[in-house]
Amino acid sequence: MRILLVEDDMELCRLMGFWLEEKGYSADICQDSQEAFYYLGMQAYNVVILDRMLPGIDGIQILQRMRQKGIATPVIMVTALGTIEDRIGGLDAGADDYLVKPFAPEELFARIRALERRPVRMEFDRQLACGDVTMNLSSRVLWKEDKKVELSKKEMDLLEFLIRNRGQILTRELLLNRVWGLDSAVEEGNLDNYIYFLRRRLKQVGSSVTIKTVRSVGYSLEEQPEQ
């Protein structure tokens, strides 16, 4: 499980990074918004732990930009600001959880586990566009111009996650956890089968969107210009 930790307090950053690594999580650590957007652009994460008070662009602004870009990664906002108004502001900006400093590592881990158990989220637009195709999340129809194809529920969940994280390398573990669930006993071969199904669906509607295989890692969805 990969976590992005955004915290400008160097001492606390190292401490939280140590907690996460000790618990078996793989953590990338950064101290400001510029680094945060760099990491978010490089790959997808299971959870983002985001400090609210950061130099320059603060945590609220980072979170708002993430949601505007369609990045649906669960976010735990961490801050010393613990009033009701502060909590409401963080949640309304798009946070999934709000943790007030100081906190025990056990509480942080419990909140991470709770977020990871959630299925892929669907609360943004019910219509999702990528390149030359559009997908309706209610009817599960994928189309380009006058060509349409209906997707199964699992095909839609997988394609939605790929689209929301387009251009990023998504590991097989991350895809299995986010689409099938952390406690699912699904085999990796099922993921390969559904990637094949989605490639066939995209070809059926004549889309230039491609799902690339990243050898020994996972997959990446790319928007390609039409020839």
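A residue is called buried when its relative accessible area is under 20%, exposed when over 50%, and partly exposed in between (1.4 Å probe, protein chains only). By this definition, D132 and K144 are both buried. The model is predicted: local features need pLDDT of at least 70, side-chain atom pairs count only at pLDDT 80 or more, and totals for chains, interfaces and linings use all residues. Residues are numbered from 1 along each chain as its sequence is written, and side-chain values use heavy atoms, with hydrogens and water left out.

**Salt bridges overall**
- The structure has 13 salt bridges, each being a side-chain nitrogen of Lys or Arg within 4 Å of a carboxyl oxygen of Asp or Glu.
- E7, D51 and K101 are joined in a network of salt bridges.

**D132 and K144**
- A salt bridge connects the side chains of D132 and K144, at 3.5 Å from N to O.
- This pair links distant parts of the chain, 12 residues apart: D132 is in the loop between β6 (127–130) and β7 (133–136), and K144 is in strand β8 (residues 141–144).
- Helices (H or I, at least four residues) and strands (E, at least two) are DSSP runs, numbered from the N terminus.

**E160 and R164**
- The closest N and O atoms of the salt bridge between R164 and E160 are 2.8 Å apart.
- Both residues belong to helix α6 (residues 153–164), where R164 and E160 are 4 residues apart, about one turn of the helix.
- R164 counts as buried because its relative accessibility is 8%, and E160 counts as buried because its value is 0%.

**R172 and E188**
- R172 and E188 form a salt bridge through their side chains (2.8 Å, N to O).
- R172 lies in helix α7 (residues 172–180) and E188 in helix α8 (residues 188–204), so the pair ties together parts 16 residues apart in sequence.
- R172 is buried, with a relative accessible area of 17%, whereas E188 is partly exposed, at 43%.
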